[in-house]
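Please consider the structure shown below with its sequence at hand. The paragraphs that follow lead through selected links between side chains and through the surroundings of one residue.

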Amino acid sequence: MYPCSISPTSLRISLVVLALLLSVSVCSELKVLVRLPDGQVTAETLESDSERDIISVEFRHTDGTLITFLADFKRHVKILRALVLGEPERGQTQYQGLCFISRLEHGEIIPSEAMVRLRQKNPHVVRTAEEKRALERMSMNMAVNLTLSWPLSSHIRSMCRDAQDFIYTREQDVKYWLEKGVDASIFKVFPQNVESAGLPSCSATTDLWQPCSCSYTLRLEWYPCMLKYCRGHGPSPYKCGIRSCSKAYRFDFYTSRKQLCMWDEES
């Protein structure tokens with residue numbers, strides 16, 4: 001944790017941008033201005049519901065892509081969704097939805113009961129994350145059936161309805177969920193593994209109708225990843241703020257044809 005002093009002087013010069021209030025609430029919404037890697041600024045929305053024990057983070061990239069992250073603490077599931085604008089002149093739909101589902105690890109993001117108490121002191125300040133976490137590469141080698149997904153997380157159907165057949169997960173996470181009693185019928189193995197030598201990368205093939213291994217990278221630019229603790233006059237530290245992080249994910253997954261992975265041409 002990150003202890004700090006509570007003297008009036010240090011409070012005035014503190015870089016903590018959010019305060020943990022003592023009031024109790026069930027739902028909250030927070031708007032934060034965040035700087036993107038290209039220098040542009042986007043408005044990020046953070047929502048939390050302590051009763052349902054969920055947190056969501058959503059923002060739009062300058063290319064129009066809408067990124068949404070949802071943490072389901074009850075089911076230990078996280079969902080990352082990208083709504084990518086299509087290119088109609090190349091036979092694509094208006095937008096393409098991608099959903100990546102994996103196990104939510106302890107400590108990835110602050111608890112929902114802490115998030116609902118966050119309030120922003122300076123809403124017009126543009127934020128940058130205090131900590132830049134390493135890129136996490138995930139081989140998404142299994143699919144999730146949207147219709148049957150409710151036992152895994154009740155939020156998948158609403159989050160991933162625009163993704164339809166592009167809902168991916170990992171074999172290692174599936175094994176964990178099966179051990180917890182989730183039905184195997186929810187999951188499907190792809191006809192080819194993205195790690196197979198016989199499956200070309202979408203960036204390397206020119207045939208728009210050839211199956212290939214697609215890659216998609218997204219970054220959560222700013223989110224509260226840790227609680228900060230301060231020391232007062234009592235024996236125990238108390239929650240007094242948050243530490244912000246940014247984190248990038250690269251997803252590798254099977255697609256039935258290159259036309260569904262046109263963004264991978266220049267990677």
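E171 and K175 are four residues apart in helix α4 (residues 171–179), so about one helical turn separates them. Helices (H or I, at least four residues) and strands (E, at least two) are taken here as DSSP runs, numbered from the N terminus. The side chains of E171 and K175 meet in a salt bridge, with a distance of 4.0 Å from N to O. The term salt bridge stands for a side-chain nitrogen of Lys or Arg within 4 Å of a carboxyl oxygen of Asp or Glu. E171 is partly exposed, its relative accessible area being 39%. In this text, buried means under 20% relative accessible area, exposed means over 50%, and partly exposed lies in between (1.4 Å probe, protein chains only).

The model is a predicted one, in which local features need pLDDT of at least 70 and side-chain atom pairs count only at pLDDT 80 or more, whereas totals for chains, interfaces and linings use all residues. Residues are numbered from 1 along each chain as its sequence is written, and side-chain values use heavy atoms, with hydrogens and water left out.

The structure holds twelve salt bridges. One of them joins the side chains of E131 and R243, at 3.2 Å from N to O. This pair links distant parts of the chain, for E131 belongs to strand β10 (residues 131–140) and R243 to strand β15, 112 residues apart. How accessible are the two partners, E131 and R243? E131 counts as partly exposed, at 21% relative accessibility, whereas R243 counts as buried, at 16%. A further salt bridge is formed by R250 and D252, whose closest N and O atoms are 3.0 Å apart. Here R250 is partly exposed at 25% relative accessibility, while D252 is buried at 8%. Some salt bridges share partners, and in this way E130, E131, R133, K228 and R243 are joined into one network.

Strand β15 (residues 238–255) also contains K247. Is this residue buried or exposed? K247 has a relative accessible area of 12% and is therefore buried. Its side chain reaches the backbone oxygen of A134 at 3.1 Å. The side chain of K247 also makes a polar contact with the side chain of E136, at 3.5 Å. A polar contact is a pair of N or O atoms within 3.5 Å; within protein, one atom must be able to donate a hydrogen and the other to accept it, and residues adjacent in sequence count only if both atoms are side-chain atoms. When residues up to four places away in sequence are not counted, K247 touches R133, A134, E136, L218, R219, L220 and Y223. Contact in this sense means heavy atoms within 4.5 Å.

The next topic is the disulfides. A disulfide is a pair of cysteine sulfur atoms within 2.5 Å, and by this rule the count comes to four. One of these disulfides is formed by C99 and C160, with sulfur atoms 2.2 Å apart. The link of C99 and C160 is left-handed, with -90° about the S-S bond. This pair connects distant parts of the chain: C99 is in strand β7 (residues 95–103) and C160 in helix α3 (residues 156–160), 61 residues apart. C99 is buried, with 0% relative accessible area, and C160 likewise counts as buried at 0% relative accessibility.

C202 and C212 form another disulfide, in which the sulfur atoms are 2.0 Å apart. The torsion about the S-S bond of C202 and C212 is about 85°, and therefore this disulfide is right-handed. Because C202 lies in the loop between β13 (187–189) and β14 (212–230) and C212 lies in strand β14, the pair ties together parts that are ten residues apart in sequence. C202 is buried at 0% relative accessible area, and C212 counts as buried at 0% as well.

A disulfide also joins C225 and C245, whose sulfur atoms are 2.0 Å apart. The S-S torsion of C225 and C245 is about 60°, so the disulfide is right-handed. With C225 in strand β14 and C245 in strand β15, the pair ties together parts that are 20 residues apart in sequence. Both C225 and C245 are buried.
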